[in-house]
Amino acid sequence: MQTRWRTVDIVVASIIAVAFAAVFYAWNNLWNVLDGWALPWRAVIYGIWLVPGVLGPLVIRKPGAGLYTEMVAASVSALFGSSWGIMVVVSGLVQGIGGEFGFALTGYRGYRLGNALLAGALAGGGAALFDLANYYGDVFTATQKWTYAGLVVLSGAVVAGAGSWALQRSLSKTGVLDRFPSGRERVAV
């Protein structure tokens with residue numbers, strides 16, 4: 001396993017991060033618009049914030065890719081004017097570490113759908129714990145806390161895990177990832 005980052009790794013991971021920071025801007029607005037909706041149920045859309053922490057490792061395939069992409073995305077999101085201010089960077093750190101674990105558990109040798117689902121779920125678990133400790137701990141009942149946590153973990157697995165896996169495979173088919181091991185695993189269409 002090659003662990004040394006090349007310039008192209010940093011550039012592509014940064015592009016993924018900045019692209020998702022722009023998506024985060026719109027997603028932050030959607031989250032805030034749904035504020036009147038039953039809060040625990042908003043968690044179904046949470047997974048989009050976790051995508052860089054799963055997509056980065058699926059594309060780059062090096063230790064730290066999930067943490068790097070999630071941290072850059074969170075930092076750029078804060079610069080765009082996230083309503084959560086600098087706390088979005090701390091949240092990105094927690095989410096990136098969670099996503100990183102899904103690949104670290106296999107020694108960064110497993111990049112299949114199962115690893116992506118696990119990475120998304122772990123990122124969601126970290127995100128839910130962070131949010132409950134910092135934002136909703138005093139607001140939610142015990143049932144709402146469990147509902148929120150379960151939905152964030154599920155959204156992480158489905159949206160960030162399966163979604164990132166599908167996105168990586170789609171990008172690979174186009175040839176844009178040919179400079180990466182993930183791009184050389186193309187499946188014939």
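**Entry 1: residues 72–97.** I looked up residues 72–97 and found their end C-alpha atoms 13 Å apart, with the span 77% helix and 0% strand. Helices here are DSSP runs of H or I of at least four residues, strands are runs of E of at least two, and both are numbered from the N terminus. I note that the model is predicted, that local features need pLDDT of at least 70, and that side-chain atom pairs count only at pLDDT 80 or more, whereas totals for chains, interfaces and linings use all residues. Residues are numbered from 1 along each chain as its sequence is written, and side-chain values use heavy atoms, with hydrogens and water left out.

**Entry 2: residues 148–167.** I found this stretch to be 100% helix and 0% strand, its end C-alpha atoms lying 26 Å apart. The unreviewed UniProt entry lists "transmembrane region" at 7–27, 39–60, 72–97, 117–136 and 148–167; such annotations may be inferred rather than shown by experiment.

**Entry 3: Ser155.** I located Ser155 in helix α7 (residues 142–174). Ser155 counts as buried because its relative accessibility is 4%, the limit being under 20% of relative accessible area with a 1.4 Å probe, protein chains only. A polar atom of its side chain lies 2.7 Å from the backbone nitrogen of Gly47. Beyond neighbours within four places in sequence, Ser155 is in contact (heavy atoms within 4.5 Å) with residues including Ala43, Tyr46, Gly47 and Ala160.

**Entry 4: α3 and α5.** I examined where Gly53, Val54, Pro57 and Leu58 of α3 meet Gly99, Glu100 and Phe103 of α5. The residues of this contact divide into 4 nonpolar, 2 polar and 1 charged, with Gly counted as polar.

Methods: Buried means under 20% relative accessible area, exposed over 50%, partly exposed in between (1.4 Å probe, protein chains only). A polar contact is a pair of N or O atoms within 3.5 Å; within protein, one must be able to donate a hydrogen and the other to accept it, and residues adjacent in sequence count only if both atoms are side-chain atoms.
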